[in-house]
Amino acid sequence: MKKISLIMFLCLLFVILTAPNTQAQTSPVAMPALGVSNPWSDGQLLEPSQLAADIKAGEIKTPVIFNIGAVEDIKGAKHIGAVNDAGNLEK
């Protein structure tokens, strides 16, 4: 039994190590969660790369980052709270 388990483990390890693409697949387009609508218009959104370019060019002096998550995990951001709460969304 131990021999079979070892052989199975080695086969699995071989498959993992020799697979041509072992990275997770991601979608090039952000998909919203089902049943959740985006409360912001396209004009209110900014891609991170564009924000970084604007800061570097001096077009944005001191950006304010609002953390809209349930956890305070963005250093230096103003914590608003989860936006599924209408009061937090208004903030």
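A pocket, as the term is used here, is an open set of grid points with protein on both sides within 12 Å along at least five of seven lines. In this predicted model, the largest pocket holds about 560 Å³ of space. Its lining comprises 17 residues, and those closest to its centre are Gln44, Leu45, Val64, Ile65 and Phe66. Helix 2 and helix 3 (86–90) are the elements that give two or more residues to this lining.

**Overall architecture**

The protein chain contains three helices and two strands, arranged along the sequence in the pattern α-α-β-β-α. Of its 91 residues, 5% are buried. Among contacts between residues at least 6 apart in sequence, 11% join residues at least 24 apart. The chain exposes about 8,600 Å², and carbon and sulfur atoms supply 62% of that area.

**A nonpolar surface patch**

Trp40, Leu45, Val64, Phe66, Ile68 and Leu89 together make a nonpolar surface patch of about 530 Å². One of these residues, Val64, is situated in the loop between helix 2 (48–56) and strand 1. Val64 counts as exposed because its relative accessibility is 56%, and the cut-off for that class is over 50%.

Asn67 belongs to strand 1 (residues 66–67). With a relative accessible area of 5%, Asn67 is buried, since the class requires a value under 20%. Leaving aside neighbours within four places in sequence, Asn67 is in contact with Glu72, Asp73, Ile74, Ala77, Lys78, His79, Ile80 and Gly81.

Asn88 is located in helix 3. Asn88 likewise counts as buried, at 14% relative accessibility. Not counting residues up to four places away in sequence, Asn88 touches Ile80, Gly81, Ala82 and Val83. The C-alpha atoms of Asn88 and Ile68 are separated by 8.0 Å, although the two residues are 20 apart along the chain. Ile68 is one of the residues that make the nonpolar patch.

| Residue | Relative accessibility | Class |
|---|---|---|
| Asn67 | 5% | buried |
| Asn88 | 14% | buried |
| Val64 | 56% | exposed |

Notes:
Residues numbered from 1 in each chain as written. Predicted model: local features only at pLDDT ≥ 70, side-chain atom pairs only at ≥ 80, totals over all residues. Heavy atoms only, no water. Helix = DSSP H or I, 4+ residues; strand = E, 2+ residues; numbered from the N terminus. Buried < 20%, exposed > 50% of the residue type's maximum accessible area, 1.4 Å probe, protein only. Contact = heavy atoms within 4.5 Å. Areas by Shrake-Rupley, 256 points an atom, 1.4 Å probe, with all protein chains shown as cover. Patch = residues over 30% accessible without salt bridge, like charges linked within 9 Å, V, L, I, M, F, W, Y side chains within 5 Å. Salt bridge = Lys/Arg side-chain N within 4 Å of Asp/Glu carboxyl O. 1 Å grid on protein atoms, 1.4 Å probe; cavity = no way out; pocket = protein on both sides within 12 Å on 5 of 7 lines; lining within 4 Å. Points joined across faces, edges and corners; volume = space filled by probe spheres on them.
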